Amino acid sequence: MRGLIYKDLYNLKKYMRQLLLIIAVMGVLFGMQDTGASFLGVYTVMVSMMVVISSMSYDEFAKWDKFVLTMPVSRKTLVGSKYLLGLLVTAGGSLIAIAIYLVIGIITRKGMTLEDLVGIIGCFFACLLMLGVLLPLLYKFGVEKARMMILCVALLPTLGVILVSKTGLLDNGISEEFLQTLAFVAPVIVVVLFIASFFLSVSIVTKKEF
Amino acid sequence: MSNLLELRGVCKDYRDFQLNNVSFALPGGAIMGFVGENGAGKTTTLKCILGLVRRDAGEVEVFGKPLNVDDVAAKAQIGVVFDESYFHDNLTTVQVDHMMASIFRDAWDAAYFEALRKRFALPKDKIIKSFSRGMKMKLSIAAALAHHPKLLLLDEATSGLDPIVRDEILDVFLEFISDEQHSILFSSHITSDLEKIADYVTFIHNGKVMFSKNKDTLIYEYGIARCTAAQAAKVASSDVAVTRKTAMGTEFLVTDRDSFHRRYPDVVLDRVSIEDIMLFYVKGHKEDKSCAV
């Protein structure tokens, strides 16, 4: 398991360094604007999640899975390492996002609000949810075929939210209490789904031929 | 001596290709050449051995036990080299070492890997992307040997390499095999490599094993009979394995050169190479009657 994580981190070192540079540049550009910081935070977490998809793409290109399964690595470990990588880079991205808020907060002398922190944590769980949906699809259909699906997974919820807000369907329907409960229940649901997704991926890979 | 690898009646059905009843056994201390043209089923057979694909019928035993793809203890004793390097382009040799050490744990011999790296003159800190094809294969071979496997499975590991590199690599394989507990299954279509190092030759064609024999038997007992049309008419079908017509006349592959010579003393009889035998099976006809013109 550790070896597989090393491999991904070594392999993506250059790519991640470039991402950090982009985030730093954007930090300078957007950080000073009013809503810039929150955009940057969300962007950082999202991008870190994309690192996992890139690593899958690299693996597919190198025919890595076929090779690594000839080594003392079980299919469960193979899949598990991707979920762990997802957890690690998304958590890492969230920490970087928090650091960005702190730096911007110090420079603009506004500090960091609790709202910002909750935003990042929400973003972290949203990314876990997306990974949970995406990884089984990537294992089932391969990165190339799953590109459209990645787009859908990212866009459909956004469209849904826009639609709901435009139609005003929920304007009166949601109480403050409901939202507060949701804030605590949602992460638990996400974690459960993430674990279920892992087992689904394992069963997909078990049926797969290399 | 017990078999390190044994296949019995292995079948795999793809829509456009069938692996049909593949059986052979590889004893300890031996190198088996696994020959066949491209698409004959060599890689599919190796995948069946490793459990990378599900076989539809038959049994595979590695170290005397069925092998499951999730059996990490058994897989720790196997080294596999495919026809190209599957290490990621962005890694360096040092990083490969570090990663493999984490995967193989105690079995990984970093000192041996380093010795092989030096022997193969592989750079330490350059990324694999900058390696030549030969260097990539050498890295794959070093990585497959550094955990001291008992069984080495090579899938076209020397194809596409120049003769110098191939010779270096064959030397490493011969060293590996000097231990009686070690065996190599060496899939290749470069028959000269197999003539150099193989003890056994298994020939696969259209998903079927045509023969699996001791190499010396093939080279010392098999022969090519070159006949004129008149001579060919006299040869009994039971005396030949395969018939092939050429511009010069008819050629027969015979399995027992000496007895054929006793029966037909005036027919020109030559020794065969593995390549000749392969060509006979692929291009010739395995006919029941003699090829009378």
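Thr90(A) sits in helix α5 of chain A, which spans residues 75-107, and in this predicted model the residue is buried, with a relative accessible area of 0%. Setting aside neighbours within four places in sequence, Thr90(A) makes contact with Val45(A), Ser48(A), Met49(A), Phe124(A), Cys127(A) and Leu131(A). For the complex, the predictor reports an ipTM of 0.86 and a pTM of 0.86.

**Confidence**

- Chain A has an average pLDDT of 86, and 95% of its residues score at least 70, while chain B has a mean pLDDT of 88, with 97% of its residues at 70 or more.
- Within chain A, confidence is lowest in α3(A), where the mean is 84, and highest in helix α4, residues 64-68, where it is 92.
- Over residues 287-293 of chain B the pLDDT stays under 50, although the model has 15 contacts for this stretch beyond four places in sequence.
- Where pLDDT is low, the predicted coordinates should not be read in detail.

**Largest pocket**

- The largest pocket holds about 920 Å³ of space and has a lining of 25 residues, among which Val118(A), Ile121(A), Gly122(A), Cys123(A) and Ala186(A) lie nearest its centre.
- Three helices of chain A, namely α3 (36-62), α6 (114-167) and α7 (176-207), each supply at least two residues of this pocket's lining, and α6(A) gives the most, with 14 residues.
- By residue class, the lining of the largest pocket consists of 21 nonpolar residues, three polar residues and one charged residue.

**Nonpolar cores**

- In soluble globular proteins, nonpolar side chains tend to be buried together.
- The largest nonpolar core has 133 residues, and those with the most contacts inside it are Leu5(B), Phe87(B), Leu153(B), Phe173(B) and Leu185(B).
- The largest share of this core, 15 residues, is contributed by α6(A), the helix that also gives the most residues to the lining of the largest pocket.
- Beyond its neighbours within four places in sequence, Phe87(B) is in contact with Trp64(A) and Phe67(A) of chain A, and with Val96(B), Met99(B), Met100(B), Ile128(B), Leu139(B), Ser140(B) and Ala143(B) of chain B.

**Enclosed cavities**

- The lining of the largest cavity divides into eight nonpolar residues, three polar residues and no charged residues.
- The second largest cavity, with a volume of about 50 Å³, is lined by Leu4(A), Lys7(A), Asp8(A), Asp59(A), Trp64(A), Asp65(A), Leu78(A), Ser81(A), Lys82(A) and Tyr139(A).
- For the second largest cavity, the elements that give two or more residues to the lining are α1 (2-11), α4 and α5 of chain A.
- The lining of the second largest cavity comprises four nonpolar residues, one polar residue and five charged residues.

- Phe63(B), a residue other than glycine, has a positive phi near 55 degrees and lies in the loop between β4 (57-62) and β5 (65-66) of chain B.
- Phe63(B) counts as partly exposed, because its relative accessibility is 23%.
- Asn206(B) likewise is not a glycine and has a positive phi of about 50 degrees, and its position is in the loop between β9 (200-205) and β10 (208-214) of chain B.
- Asn206(B) has a relative accessible area of 54% and is therefore classed as exposed.

Technical notes: Residues are numbered from 1 along each chain as its sequence is written. Chains are lettered from A and ligands numbered from 1 in the order in which they are written. This is a predicted model: local features need pLDDT of at least 70, side-chain atom pairs count only at pLDDT 80 or more; totals for chains, interfaces and linings use all residues. Side-chain values use heavy atoms; hydrogens and water are left out. On a 1 Å grid over the protein atoms alone, a cavity is a set of points where a 1.4 Å probe fits but cannot get out, and a pocket is an open set with protein on both sides within 12 Å along at least five of seven lines; lining residues have an atom within 4 Å of a point. Grid points are joined across faces, edges and corners, and a volume is the space filled by probe spheres set on the points. Helices (H or I, at least four residues) and strands (E, at least two) are DSSP runs, numbered from the N terminus. Ala, Val, Leu, Ile, Met, Phe, Trp, Tyr, Cys and Pro count as nonpolar, Asp, Glu, Lys and Arg as charged, and the others, Gly among them, as polar. Buried means under 20% relative accessible area, exposed over 50%, partly exposed in between (1.4 Å probe, protein chains only). Contact means heavy atoms within 4.5 Å. pLDDT is the predictor's confidence in each residue, from 0 to 100. A nonpolar core is a set of buried Ala, Val, Leu, Ile, Met, Phe, Trp, Tyr and Cys residues joined through side-chain atoms within 4.5 Å.
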